[in-house]
Amino acid sequence: MADDTSIFIGASRKPDDSYQRAENLLLQYGNRHGLVTGATGTGKTVTLQVLAEGFSNAGVPVFCADIKGDLSGIAMMGTAQDFLVKRAEQVKLDPYDFQEFPVIFWDLFGEQGHPIRATVSEMGPLLLSRLMNLSEAQEGVMNIAFRIADEEGLLLLDLKDLQALLANIAERAEEIGARYGNVTKPSVGAIQRTLLVLEQQGATNFFGEPALRIADIMRTTRDGRGAISVLAADKLMMNPRLYATFLLWLMSELFEELPEVGDPDKPKLVFFFDEAHLLFDDAPKVLIDRVEQVVRLIRSKGVGVYFVTQNPLDIPETVLAQLGNRVQHALRAYTPREQKAVKTAAETFRPNPDFDCATVITQLGTGEALVSTLEAKGVPSMVQRTLVRPPSSRLGPITPDERRKLITESPVTGQYDQTVDRESAFEMLQKKAKDALDAEAQQQESGRSRWTIPGFGNDDPAHQPTGGRRAPAPRASNRQTVAEAAIKSVVRSVGSSVGRAIVRGILGSLARGR
């Protein structure tokens, strides 16, 4: 049975299907990441719920996505049902106590939870290009746009800021091209059209302020339990690329903001990435390489990342190699790809002489899994055929009234509910354009009224020299006006100071306070 140093997952079975022993996940290796896989309907969501409950009771905050709405029941106390009580007896869970857990509901659209926002600057050009599925040339333009914003002190908070900046660099294409490379108007136009599509898909709700503070998903309660942040993702899954990009951004922010802690007695946060295949589908190699790098290094920040997906082939081998704690539910083997997935899953486990992994994977029942976790010194345990314990919280979704009540009583109520629109690139570029027009008008006005010297242009025709000779035409000047020089001087000074202060992270994101 679990104690203060481990989470009770379930009980392994002998070849004759009798009880063998308790299977636990050691908290000291909870930050060594994990994988939960299995076909639809095999019990992955319940396993996720059991793990989240265990981490919460151990004082570890949890962040997870609720794809179908089923996970929301973790906020309410469970009730005794025959099949749950029977499973508790089979795994020798005694006493089988029911409890509710401290849950904070989040929703990118602000409908089923507190709104979650990030600024465009924090997202960075790499993740934004991934979200927008930009071509290589368009991604180059996006990188130039962010470089100019960083240098000129233009805050990119929401989509209209980025749209205004792109319009600005299209107007300055010749000047910018000489410094950073070719910026074509067709590329800018294509990006602008993609931004309009993002707006229609609801991304306007995500980009802006107040941006999510990492501390708010790392809360603990007064009784020492870790808060469970549940992201409502049923509507979000209609735009799977936004879902995957958001979770990748969040993982990147955790990596950039949290200090190094080595291997703590228990994780600082556990992050469940459901439908993990969406992160890697059609992803460019550079992104996969950086995700692998983040997964490899983030454990030293005390963060455990657990990928939840149907098929182990959904995860690149370089990432799969970093996942130490594994729960494999049943897989089907009807097609060649499914047969390959079964073989891959079987080969990733430390073999058990009592059974053949590849055969058992196709025979597992609902709520049954092959389990291997890290033991002493971080060595993978021998794989065991395991009955997963029943959860202590409610199975299934909560009601809309229950959700509203929990949102109202949440510790972050009122902090994110209202959008803040402070001065940023959109307003700054508008002001700059107005100032330029005002300066031009002032120059023209002063030109009409200023004193002139005969023979140096702008002479009164009534005072033209006699003798049939005309005064020489005024020479074109490349010199800036005083107003233009002042504006450019300010922009350069602001841009250089901001540029020196800006440092982008491994995934190109810009963390607050850096």
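Student: How are α4 and α5 oriented to each other?
Tutor: Helices α4 and α5 are roughly perpendicular to each other. This is a predicted model, and in it the axes of α4 and α5 (residues 159-171) cross at roughly 100 degrees and come within 10 Å.

Student: Which residues make that contact?
Tutor: From α4 there are Val141, Met142, Ala145, Phe146, Ile148 and Ala149. Helix α5 brings Leu162, Leu165, Leu166 and Ile169.

Student: OK, what about α3 and α4, what angle do they pack at?
Tutor: About 175 degrees, with the axes of α3 (residues 120-132) and α4 (residues 136-152) 10 Å apart. Angles over 145 degrees count as roughly antiparallel, so that is how α3 and α4 are described.

Student: Which residues of α4 are in the contact with α3?
Tutor: Glu139, Met142, Asn143 and Phe146 on the α4 side. On the α3 side the list includes Val120, Pro125, Leu128 and Met132. This contact divides into 7 nonpolar, 4 polar and 1 charged.

Student: Switching to the core. Which residues touch the most other members of the largest one?
Tutor: Trp106, Leu128, Phe206, Phe246 and Phe307, out of 88 residues in that largest nonpolar core. The largest share of this core comes from helix α9 (residues 240-257), with 11 residues.

Student: Now the charges. How many salt bridges does the count come to?
Tutor: The count comes to 25 salt bridges. One of the pairs is Glu209 with Arg422, whose closest N and O atoms are 2.6 Å apart.

Student: Where do Glu209 and Arg422 lie?
Tutor: Glu209 is in the loop between α8 (203-206) and β7 (228-232), and Arg422 is in the loop between α15 (400-408) and α16 (425-449), so the pair ties together parts that are 213 residues apart in sequence.

Student: Is Glu209 buried or exposed?
Tutor: Glu209 counts as buried, because its relative accessibility is 14%. Arg422 is partly exposed, with a relative accessible area of 42%.

Student: What does Arg337 meet in a salt bridge?
Tutor: The side chain of Arg337 meets that of Asp314, at 3.6 Å from N to O. Arg337 sits in helix α13 (residues 336-347) and Asp314 in the loop between β9 (303-309) and α12 (317-320), so this pair ties together parts 23 residues apart in sequence. Arg337 is partly exposed, at 47% relative accessible area, whereas Asp314 counts as buried at 17% relative accessibility.

Student: And what about Lys160 and Asp158, what do their side chains form?
Tutor: They meet in a salt bridge, 2.8 Å from N to O. Lys160 counts as partly exposed at 24% relative accessibility, while Asp158 counts as buried at 12%.

Student: Last one: which residues are linked in a network of salt bridges?
Tutor: Arg147, Glu151, Glu152, Arg172, Glu175, Arg179 and Lys432 are linked in that network.

Notes:
Residues are numbered from 1 along each chain as its sequence is written. This is a predicted model: local features need pLDDT of at least 70, side-chain atom pairs count only at pLDDT 80 or more; totals for chains, interfaces and linings use all residues. Side-chain values use heavy atoms; hydrogens and water are left out. Axes are lines fitted to C-alpha atoms, for helices over the stretch in contact, and angles run from 0 to 180 degrees between N-to-C directions. Helices (H or I, at least four residues) and strands (E, at least two) are DSSP runs, numbered from the N terminus. Angles under 35 degrees count as roughly parallel, over 145 as roughly antiparallel, 65 to 115 as roughly perpendicular and the rest as oblique. Contact means heavy atoms within 4.5 Å. Ala, Val, Leu, Ile, Met, Phe, Trp, Tyr, Cys and Pro count as nonpolar, Asp, Glu, Lys and Arg as charged, and the others, Gly among them, as polar. A nonpolar core is a set of buried Ala, Val, Leu, Ile, Met, Phe, Trp, Tyr and Cys residues joined through side-chain atoms within 4.5 Å. Buried means under 20% relative accessible area, exposed over 50%, partly exposed in between (1.4 Å probe, protein chains only). A salt bridge is a side-chain nitrogen of Lys or Arg within 4 Å of a carboxyl oxygen of Asp or Glu.
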